[in-house]
Amino acid sequence: MTQPRRIELNGKPIGDAAFPLIITPLVGRTREAIVDELAAIVPKKPDLLEWRIDFFEAIGDPAPVIETARAIRAAAAGIPVLLTRRNVTEGGQPIPVDEPAVVAMYTAACKARCVELIDYELSNAAADLATLRRVSADNGIAMVMSYHNFQETPDAATLDEKFARAQALHADVGKVAVMPKNPADVLALLAATWRASQALTIPLISMSMGGIGSISRMIGWVYGSAATFAVGKSSSAPGQVAIDELRAVLATTRTAVLGR
C-alpha cells in the first residue's frame, strides 16, 4: 500500500519511519500548568506537541506567549511544537481577544521562531490566511490549514473541497476533523481522506471525532492520514485515546496491514 505523505519540517520528515505521527495536546491555562503537563507527556515520546493556546490565559500578550513557547521547547526533548488557536466556531475555547490580535500573536510567534508549526482554520478571512502563510513561510514555520465541524459530517463534495482548498492556499498540511452521527459518517470521512491522498500532494490529517469516530484515529493512516491525536494528560477533543493505548493499537494494525 502507499504510505501517507509524511509531514516535514525544513525538508526533513518528523518522527521515525513508523506512521502515523502521534500528536499530543497541551491544554494548561498557565505556564506552570503546561510545564506540569509536559512532565507527564514528554516521557511518553509523542512525535509532536500541539499547544492549544486558546486554553492559555495570557493569549492576548505576545511576550508570555513567546516565553511559554520557549519553555515548552526547552522541556520537549526535541519534540516539535505545533501552535494552535482553535476558533470557538470550530470547537475552541472562548478567548478575550479579537482576530487581529490572534493574527498578531501568530505573527510574533513565527518571527520569534519559538514553534515549528502553526494551525489556522480555513474558515478565517482570506487576507488573514494569506498573511500567516507569508509570515510562516518567511520564517521557516510549517502551516497547517484546518477545518473542524463538531456538529456533523458534511457531504463528500464539502470534505473534498476542504482538503483541496488547503493545498490551493499553499498549506504545508491539510487537516479535516468532523463529527459522525453514525458509523456511515466515519466511512465517509475515511473515503474522503483516501480520495484526497490520491489527488493531492500535501500531507493530510483527518479524523472522525467522538466515540464512534475513535476508530478513525487508529486506522486513518491506512486511508492517507499522516497523523493522529492522543491524550498525554488531558484531552482537547472528544474521542481521543490515551497515547500508550493508541501506540499499542497502531503497532497491531501496522503488523496486520503491512505484515511487519
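Modeller: The largest nonpolar core has 50 residues, and those with the most contacts inside it are Trp51, Leu83 and Ile118. Helix α3 (residues 99-112) gives the most to this core, six residues. A nonpolar core here is a set of buried Ala, Val, Leu, Ile, Met, Phe, Trp, Tyr and Cys residues joined through side-chain atoms within 4.5 Å. Buried means under 20% relative accessible area, exposed over 50%, and partly exposed in between, with a 1.4 Å probe and protein chains only. Helices (H or I, at least four residues) and strands (E, at least two) are DSSP runs, numbered from the N terminus.

This is a predicted model: local features need pLDDT of at least 70 and side-chain atom pairs count only at pLDDT 80 or more, while totals for chains, interfaces and linings use all residues. Residues are numbered from 1 along each chain as its sequence is written, and side-chain values use heavy atoms, with hydrogens and water left out.

Leaving aside residues up to four places away in sequence, Leu83 touches Trp51, Ile53, Met105, Tyr106, Ala109, Val115, Leu117, Ile118 and Asp119; contact means heavy atoms within 4.5 Å. A second, separate core of 19 residues includes Ile23, Val173, Met179 and Met209.

Next, the cysteines. Cys110 counts as buried, at 0% relative accessibility, and Cys114 is buried too, with a relative accessible area of 1%.

Helix α4 (residues 126-138) has 13 residues and reaches 18 Å from its first C-alpha to its last, close to the 18 Å expected at 1.5 Å a residue; the expected span is 1.5 Å times one less than the number of residues. Leu129, Leu132, Arg133, Val135 and Ser136 are the buried residues of α4. Their cover includes α3, β6 (117-121), β7 (142-149) and α5 (156-168). After α4 comes Gly140, with a positive phi near 70 degrees.

One further buried position is Ser197, with a relative accessible area of 9%, in helix α6 (residues 183-199). Ser197 touches Arg5, Leu204, Tyr223 and Gly224, not counting residues up to four places away in sequence. The C-alpha atoms of Ser197 and Pro4 are separated by 7.3 Å, although these residues are 193 apart along the chain.
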